[in-house]
Amino acid sequence: MRPDTLFRYLLVCMALMLPEAAFAADVNITADKIVRDAKGVATASGKVEIKRTDETLKADNVRYDAAHHRLNAEGNIHIQSPKAVIEAKSAEMDTVSKQGTLHDATVRLPGGERLSAKQLERVDD
């Protein structure tokens, strides 16, 4: 696969980790525990699963700070969609700019391509 094609696939894969999708309409969030503090920061812990249409994000812990538009996920991150399967140890995303970073990440594309990186960054749409 050519590097420019691979890069475009990578951007598509990162689009799957859109944090705003985790808290939009038609989203189901389940976890062992969900807490929202007085500042509007929601923390889901223990078997967190966020489903939206044909996408699913699973992680040990997810924290969403609505005031600062930040989503952090940690532990056994698994994102499944028709476009790719992404696994990572941790992730930070800005829900406005949609920029973010996945750490210790592996991306598997439908065509069998596999991308792995210690740090995978999404810099734009």
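Reader: Which residue in the hairpin of S4 and S5 takes a positive phi?

Author: Strands are DSSP runs of E, at least two residues, numbered from the N terminus. In this predicted model, local features need pLDDT of at least 70 and side-chain atom pairs 80 or more, while totals for chains, interfaces and linings use all residues. Residues count from 1 along each chain as its sequence is written, and side-chain values use heavy atoms, without hydrogens or water. Here His-69 takes the positive phi, near 55 degrees. The hairpin has 4 residues between its strands.

Reader: How many bridges join S4 to S5?

Author: Strands pair if DSSP finds at least two bridges between them. S4 and S5 (residues 70-80) run antiparallel, with 8 bridges. Leu-57 stands opposite Ile-79 in S5.

Reader: Asp-65 is in S4. What does its side chain reach?

Author: A contact means heavy atoms within 4.5 Å. The Asp-65 side chain reaches the backbone nitrogen of Ala-67 at 3.2 Å. Beyond neighbours within four places in sequence, Asp-65 contacts Val-41 and Arg-70. Val-41 also stands opposite Asp-65.

Reader: Which residues touch the most other members of the largest nonpolar core?

Author: Nonpolar side chains tend to be buried together in soluble globular proteins. A nonpolar core joins buried Ala, Val, Leu, Ile, Met, Phe, Trp, Tyr and Cys through side-chain atoms within 4.5 Å; buried means under 20% relative accessible area (1.4 Å probe, protein chains only). This core has 22 residues, and those touching the most other members include Ile-50, Leu-57 and Ile-77. S3, S4, S5, S6, S7 and S8 each give two or more residues to this core.

Key. Buried < 20%, exposed > 50% of the residue type's maximum accessible area, 1.4 Å probe, protein only. Polar contact = N/O pair within 3.5 Å; in protein donor to acceptor, adjacent residues only side chain to side chain.
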